[in-house]
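These are my notebook entries on chain packing and chain shape.

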Amino acid sequence: MQTTHFSIDAARSAIQERSTTALALAEKHYARIQKDDGQIGAYLTLCKERALEQADRIDRMAAEGKPLPPLGGVPVAIKDVMSTRGVRTTAGSKILGHYIPPYDCTAVARMEAAGAMVLGKTNCDEFAMGSSNENSAFRPVRNPRDLSRVPGGSSGGSAAAVAADMAVVALGSDTGGSIRQPASFCGVVGFMPTYGRVSRYGLIAFASSLDHIGPLTRTVKDAALVLRTIAGRDPMDSTSVDLPVPDYVAELEKPVRGLRLGIAKEYFGEGLDDEVRHAVESAIDKWKHLGCEAVPVSLPHTPYAIPTYYLIATAEASANLARYDGVRYSYRAPGVKTLSDMYRRSRDQGFGAEVKRRIMLGTYALSAGYYDAYYLKAQKVRTLLTRDFEQAFRKVDAIITPTCPTAAFRLGEKSNDPLAMYLADIYTVTADLAGIPGISIPCGETKEKLPIGLQILGKHFDEPMVLRLAHAYEQAA
Amino acid sequence: MKVTEKDVAYVADLANLELSAEERTGMVRDLNSILDYIGRLNELDTSNVEPMAQVSDRYGVDESKQGSARFAYASREDIVEGLRKSLPQEVALENAPDADGTFFRVPKVIER
C-alpha cells in the first residue's frame, strides 16, 4: 500500500495477508499528517504511543495467523468531544485545554476493541457549536479541497482528516448537522444514526436530547462497518436502546428496485444553490434508473426547524455547560478572590463568543416568564416536525434532500453573522429533532470543483434502508 | 427590541457569565436578531400539541408497555459501584486546577 487512501477491508486484509503491517499503516498516516496537517489543521492532539501499542497487538495476531477483528489495524481519528483515557480531550475549548479524561467513551472503546488504531483527536467547533469549524479555540480547520474555504462543522477536523487521507475513517458527533454538513463540504460520507442507536457515554454533552455519535468515511460500506461496531445497548448510557444490531454490511447489497423515495418541496425552495439542486436532481434520476420511484411528500413545518432547534439546543446546552465551574477539571481564572468571582471569570475567559451566545440564549429561553413562550413552544413544534416525518414515511421508504443549501463557503464569510451561520444547518436539523437517521453522500461537484452532498433520511432505526440506498447510488455513480 | 442591556446583565448573572461592556452590547444585538427570527414560531397554533422532550420515549421501546415499564431494561440495582468502580481519589483530583491531595480547593465561600 503506497498511499494512505484505502478502505477498511483493504487495510485489514493487507495486514492479515502480511503484505503490510499495522505499524507501517500507522507510520504512513503519521507521515502524511506531518506533511499536510500544518495547512489543514484537522488534528488537535496525536496519540502515537496508543496507536502503536494497538498496531503491535494487531501485528502479533496477524503473525500468529489469528483472524483479525473487523477493524483490525485500521487508522482512525476521533473528534475531540469524545473522551479518551490518558489523552487530552478539549471539545475545542480553552476551558478544557488541559483536561485528560480518566475513562474512555464507549464508542471509542468499541472501535479499539474491534482493532482500530486511534491516531489522534480531531479539531472541532468549541463544544460542537458551529457550522464552519471557525469556533475552535485552537485554530480553524481548512477544507482540503480548497484551503480558502471552511470544512464545515462542527466535525470539521474529522471530515477533513478523512478527505485528506489522514485517517481511513473518523468518528464525529451530530446535534444539528455536525456530521452530515462537514461530510458534504469535504466530499466524504457522514452518517448520523437514529437517536439511541449509539451510546453517548463519554461524549462531552452539548444538547442531550439531540446529540448523536456517528462515522465519517470515504465509502458507504465503511460507514456500515463502523456503525456495526459502535451500535448497540450500553448500560452506561440509559438513552441507548435495547434493540438488536442488524448486520448493516449484509443489508447493503439488497436490491433497491421498487423503493419509494420521498421528495419534499420544502427542501428545494428559496436559498438552494442551483448547482446543488441540479446535482441532487441528477442523483434522483439515477435512483429512478435503478428502479426506484420518486414520490412527492410534504414536510410543512420545515421552515420552523431552525428556530425550534436553536431554542432546544441552547436551553439544553446552558444546563450541560453549567458544570464548567473551575473547580474539578476545567480552566480556572488566576487571581480570583471569591467563589462567585471564580465561576464568572473562569467561564468568561474559558468560553468563546459563540458558546457564550448560546448559553445566554438558552438561559434566557428557560428563565422565568419566557419558558412557555420559547422553550415549551419549541418542544411543541418539535412534535409537529416529528409528525411531518411520520406522515411522510407512511408513503415512502426514504426521503432525499440536499445536505446543505450551498457548497463550502469561505473562511470569514459568515463568522460575523450568527443567524446566517445557523441557516447553514437548515436541511440537517430536522433529523436531529425527530431522532431519525440521515446520511450525507457525495453527489458531484460545482464548477469550482467543490464537493456537493445529498442527504438520505430514513425511519427510526431503519439504518439498513438508508445505507442500502446510499450504497446503490455510490456504486452506480 | 425584545432584549435590553438590563436583560442581558440579568441573564448573564443567572448563567454565571462575566461579560465585558463590549460583549454585552454585542449580545443585545445578537440575541435580538436571533429572537426576531425565532418569533416566527408564533405563526403556529400549538394549543393542542403535546410538547416533545425526548425521542427515546417513543421510538425503540416496546410500545405495548406503559410508562416506566418501557424502560425496565435501563434500570439497575441501586448498589455502590454497580456499573463501574468509582474513581480513586487521586484520579478524581488529577484534573483539578487546585487541590490539596484530599479535597478540591476553592476561594473562601463564607465572608465574615
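Entry 1. I looked up helix 10 of chain A and helix 13 of chain A, which pack at an angle of about 125° with their axes 9 Å apart. Axes here are lines fitted to C-alpha atoms, for helices over the stretch in contact, and angles run from 0 to 180 degrees between N-to-C directions. That angle makes helix 10 of chain A oblique to helix 13 of chain A; angles under 35 degrees count as roughly parallel, over 145 as roughly antiparallel, 65 to 115 as roughly perpendicular and the rest as oblique. I noted the contact residues as A:A305, A:T308, A:L311, A:I312 and A:A315 of helix 10 of chain A, with A:Y374, A:Y375, A:A378, A:Q379, A:V381, A:R382 and A:L385 of helix 13 of chain A. Two residues are in contact if their C-beta atoms, placed from the backbone, lie within 7 Å. By class this contact has 9 nonpolar, 2 polar and 1 charged residues. Ala, Val, Leu, Ile, Met, Phe, Trp, Tyr, Cys and Pro count as nonpolar, Asp, Glu, Lys and Arg as charged, and the others, Gly among them, as polar.

Entry 2. I recorded the basis of these values. The model is predicted: local features need pLDDT of at least 70 and side-chain atom pairs count only at pLDDT 80 or more, while totals for chains, interfaces and linings use all residues. Residues are numbered from 1 along each chain as its sequence is written, and chains are lettered from A and ligands numbered from 1 in the order in which they are written.

Entry 3. I then examined the contact between the chains, which takes 57 residues from chain A and 43 residues from chain B. Helix 13 of chain A gives the largest share of chain A's side, 10 residues. That side of chain A has 29 nonpolar, 15 polar and 13 charged residues.

Entry 4. I listed A:M360, A:T363 and A:Y364 against B:V11, B:A12 and B:L14.

Entry 5. Chain B has 3 helices and 0 strands; these are DSSP runs, helices (H or I) of at least four residues and strands (E) of at least two, numbered from the N terminus. The C-alpha trace of chain B spans about 55 × 55 × 25 Å along its principal axes.
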